Amino acid sequence: MGRMPEHAVLKRVTRWRMLGALAAVVTVAAAATLSGSVAQGRVDPGIEGRAVTVLSVDTIAIVTGGGTVEPDPTVVASFGLNGKRPAGFTPPGTNGAALGRINFDKHAQMAGRHVNVPVTFMTAEIANPQTGNQTGGKAQLIGDCQATGAECPSSPPGIKSVLVYVEDNSDTGANDKFQIQFCTDPASASLNQATCSLAEGGQIRTGQIQIRPSPSGGTTMAPTHVAAPRLQP
Amino acid sequence: MTKRTLSAFFAASILLAVALALPSHGNQAAAVVGNSIVTGAGAGVFPAGASFNSIELAGGTFGIGAQISSTGSADGTLEAQFTGTSLIGLSQWITINGWITSATSNPDGSVTLNGTSTLDMGDGTPPTGGLTLVVNAGPTGVTLTVGGTTLPTLPKSDGWVINE
């Protein structure tokens, strides 16, 4: 039985150690590249299985919406809204600053039917995971009635801010929600909801709400229409 | 020599692993900043003679929320409902529901939004989806082009269309 010279054996052992270390590094790099869910073999749990999240002043989200809602059973109102974080917004530890606008127009001859306010604060929650076309989330938009050019109901007196709560529950707009309240507290991230009126609205009648963690870059998916109730003359 | 090469490769691999593992918080904030937003809600009355698919149009409402990036891509929603009367005199509500995917601001202060839409004629037939949508919205009114057909302009008599 032949024997290898001693220095050749040492050389071979060193080489194999180096290759082993290299393999370990490549494995770590690959694991870091894979998302957590892939690496852990998770599957989409659906809406029911979503992790519990909360509205946060720090959540980065873009909120858009347009449609109609019934503030009360006898009135239809149109709404349009936008909310996003300003440039330089760097969580955590923010005060919930936001940009955007809330338009709300009751289609009835009644006092206080117009709302046109800039959004100044926002709290948001992105569903985890989102489904379909980035569906799933909730947001509170706070509009400033004291801003220049803002329009808010004058009754009851002393309204200084508007609180809009929206939910994105589907790509189609089905079960999406829009609620609006009028508050005597000035607009702030820590708005005291005890100073707000009862919420008007609820499940939207037509249209949809979209809450996304980032711009989608122009996805071309089309929603399935939410049919409005057929109103007879 | 082989040892040196392996050592250099080993060091580079460690650097690569660290770079991949670090989160990219900086891009997160920058990614959400768009250049302009378009918000609107309102109503209007069509001039006499306005019609679409043999429906004589009377009036309509709309709701818009869209955010436009510097590249022209956009995210948002448009919803419009037009009321009218069919040839046999029945009231009909036409509903257009759209996803905005790109947009441009126009010199006259209006904005052109592009996307896809679903059209519900409100006559009991199933809504038609996947139709191209072009919206021109401004302070004076809203014009929709659905599936290549331009609907009469809805003059805005109430509400707002704000491009800021």
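The model is a predicted one. In chain A, P92(A) sits in the loop between β2 (75-84) and β3 (99-106). The peptide bond that leads from P91(A) to P92(A) is cis, and its omega is near 0 degrees.

Another cis peptide bond links S155(A) to P156(A), with omega about 0 degrees. P156(A) belongs to the loop between β5 (135-144) and β6 (161-168) of chain A.

## Residues with positive phi

N175(A) is a residue other than glycine, yet its phi is positive, near 70 degrees. It is placed in the loop between β6 and β7 (177-183) of chain A. N175(A) has a relative accessibility of 44% and therefore counts as partly exposed, since that class runs between the 20% limit for buried and the 50% limit for exposed.

In chain B, S54(B) also is not a glycine and has a positive phi of about 70 degrees. S54(B) is found in the loop between β2 (51-52) and β3 (55-68) of chain B.

## Disulfides

Over all chains, a search of the whole structure finds two disulfides. One of them is formed by C145(A) and C152(A), with the sulfur atoms 2.0 Å apart. The angle about the S-S bond is -85 degrees, and the link of C145(A) and C152(A) is left-handed. C145(A) has a relative accessible area of 12% and is buried, because buried means under 20%.

A disulfide also joins C183(A) and C196(A), with 2.0 Å from S to S. This link of C183(A) and C196(A) is right-handed, with 100 degrees about the S-S bond. C183(A) lies in strand β7 of chain A and C196(A) in the loop between β7 and β8 (200-203), so the pair ties together parts that are 13 residues apart in sequence. C183(A) counts as buried at 0% relative accessibility, and C196(A) counts as buried at 14%. When the bonded cysteines of chain A are numbered in sequence order, the pairing reads 1-2, 3-4.

In soluble globular proteins, nonpolar side chains tend to be buried together. The largest nonpolar core in this model has 32 residues, of which L78(B), F82(B), I94(B), I96(B) and L144(B) touch the most other members. At least two residues of this core come from each of β3, β4, β5, β6 (111-120), β7 (128-138) and β8 (141-146) of chain B. The strand that gives the most to this core is β3(B), with six residues.

What is L78(B) in contact with, leaving aside its neighbours within four places in sequence? The residues are G63(B), I64(B), I96(B), N97(B), G98(B), I100(B), L133(B), V135(B) and L144(B). There is also a second, separate core of 29 residues, and its members include A124(A), A139(A), I180(A) and I204(A).

Notes. Residues are numbered from 1 along each chain as its sequence is written. Chains are lettered from A and ligands numbered from 1 in the order in which they are written. This is a predicted model: local features need pLDDT of at least 70, side-chain atom pairs count only at pLDDT 80 or more; totals for chains, interfaces and linings use all residues. Side-chain values use heavy atoms; hydrogens and water are left out. Helices (H or I, at least four residues) and strands (E, at least two) are DSSP runs, numbered from the N terminus. Buried means under 20% relative accessible area, exposed over 50%, partly exposed in between (1.4 Å probe, protein chains only). A disulfide is a pair of cysteine sulfur atoms within 2.5 Å. A nonpolar core is a set of buried Ala, Val, Leu, Ile, Met, Phe, Trp, Tyr and Cys residues joined through side-chain atoms within 4.5 Å. Contact means heavy atoms within 4.5 Å.
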